[in-house]
Amino acid sequence: MRRLRNRLAGALLSVLALTLTATGCGGSSEASSGTGPGAASAAGPVTDRVEPLAERPEPRLPVTVRSADGEQVEVERAERIVPLSGSLSEIVFTLGLGDRVVARDVTATFEQAAQLPVVTRGHDVSAESVLSLKPDLVIAETTTGPEEAVDQIRAAGVPVLFVEAAKGLDDVGPRIQAVADALGVPAAGAELTRRSEQRIEAVREDVPRGEKPRVAFLYLRGSASVYLIGGADSGAGSLIEAAGAVDAGAASGLEKDFTAITSEALVKAAPDAILVMSKGLESVGGVDGLVKIPGVAQTPAGMDRRIVSVEDGVLLNYGPRTDQVLESVVTQLYGEDGTR
């Protein structure tokens with residue numbers, strides 16, 4: 001079952017990883033080319049650095065924790081950690097243990113991790129590259145693959161902890177705590193969970209009330225001719241709803257994670273705004289290119305050029321910077337004064 005899930009998830013995320021590798025991880029002014037009065041800028045207020053806890057915790061090891069794949073994992077040391085996703089790297093660094101991380105996934109785009117060697121590109125884990133760094137703990141998503149590579153790492157005697165892949169805002173706390181427990185810093189995990197959830201709630205309290213805009217999440221990779229609209233399982237629904245909006249794809253009856261964009265699907269979704277990853281927007285030529293995709297110009301979002309763009313590496317992380325992601329979405333969706 002995990003092998004099949006890996007292949008399905010990897011189909012999208014490997015495309016994302018290739019695009020990040022080809023275009024770099026920083027922002028680009030091209031993403032906002034041709035923006036009109038209703039279009040968002042490419043870069044929101046998500047900082048390029050994570051904010052570690054004020055007090056650096058000291059791991060108390062060994063510990064035995066339950067991995068999301070059902071295995072019991074004994075962690076004896078955590079001096080050389082390899083998180084196999086950007087989101088997991090963000091959690092380790094924010095817990096204050098970033099100096100123990102020895103490698104990163106290509107989606108770990110924040111400043112403190114930028115100089116680490118890349119051993120993962122989406123779902124293309126290199127067991128040889130990981131093992132060459134002599135890790136004493138590898139942390140993976142339940143969608144990490146290929147499965148053979150993970151099995152090879154475990155067969156070499158390296159503990160591998162699987163953490164449930166993020167699907168929404170409710171996953172922020174459990175994912176933080178799962179990582180913290182494995183690192184022997186459960187109290188720091190509880191503190192970071194409180195901080196993260198309080199900050200998210202503070203943003204939610206400031207969301208404008210009134211008629212809810214319909215927001216469609218589009219996954220775009222122009223260089224690979226990938227144009228998808230998110231449905232109920234895209235992972236963006238929780239964020240859209242927290243921003244006081246309606247997930248237009250899910251509301252129009254799209255039950256899968258993603259469906260190929262068609263004029264009919266967009267007309268049915270009738271989004272007032274479109275949510276995209278910044279590199280995806282850049283890959284189609286900015287807002288000018290986006291509205292040329294069949295059907296986009298005929299939607300309220302396309303006619304108003306109302307585009308919300310957030311960096312690829314953080315949009316769906318559901319981690320310690322999710323409050324900033326949510327704030328960026330809210331600000332771009334409603335405007336600084338909340339009246340858009």
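At what angle do the axes of helix H2 and helix H6 cross? The close-up views below, taken from a predicted model, begin with this crossing.

**View 1. Crossing of helices H2 and H6.** The axis of helix H2 (residues 86-97) crosses that of helix H6 (residues 186-205) at roughly 110°, and the two axes come within 10 Å. Because angles of 65 to 115 degrees count as roughly perpendicular, H2 is roughly perpendicular to H6. The crossing of H2 and H6 is right-handed.

**View 2. Residues at the contact of H2 with H6.** From H2, the residues Ile91, Thr94 and Leu95 take part; they meet Ala188, Gly189, Leu192 and Arg195 of H6. By class, the residues of this contact comprise four nonpolar, two polar and one charged.

**View 3. The aromatic pair Phe93 and Phe110.** Three aromatic pairs are present in the structure. In the pair formed by Phe93 and Phe110, the ring centres are 5.1 Å apart and the planes stand at 75°, so the arrangement is edge-to-face. Phe93 belongs to helix H2, whereas Phe110 lies in the loop between strand S4 (104-105) and strand S5 (118-120); the pair links distant parts of the chain, 17 residues apart.

View 4. For the chain, the mean pLDDT is 88, and 85% of the residues reach 70 or more. Residues 1-11 stay under 50 in pLDDT, and the model has 18 contacts beyond four places in sequence for them. The stretch of residues 13-43 also has a pLDDT below 50, with 72 contacts in the model beyond near neighbours in sequence.

Note on methods
Residues are numbered from 1 along each chain as its sequence is written. This is a predicted model: local features need pLDDT of at least 70, side-chain atom pairs count only at pLDDT 80 or more; totals for chains, interfaces and linings use all residues. Side-chain values use heavy atoms; hydrogens and water are left out. Axes are lines fitted to C-alpha atoms, for helices over the stretch in contact, and angles run from 0 to 180 degrees between N-to-C directions. Helices (H or I, at least four residues) and strands (E, at least two) are DSSP runs, numbered from the N terminus. Angles under 35 degrees count as roughly parallel, over 145 as roughly antiparallel, 65 to 115 as roughly perpendicular and the rest as oblique. A crossing is left-handed if the near helix is turned anticlockwise from the far one by less than a right angle, and right-handed if clockwise. Contact means heavy atoms within 4.5 Å. Ala, Val, Leu, Ile, Met, Phe, Trp, Tyr, Cys and Pro count as nonpolar, Asp, Glu, Lys and Arg as charged, and the others, Gly among them, as polar. pLDDT is the predictor's confidence in each residue, from 0 to 100. Rings of Phe, Tyr and Trp (its six-membered ring) pair if their centres lie within 6.5 Å; planes under 30 degrees apart count as stacked, over 60 as edge-to-face and the rest as tilted.
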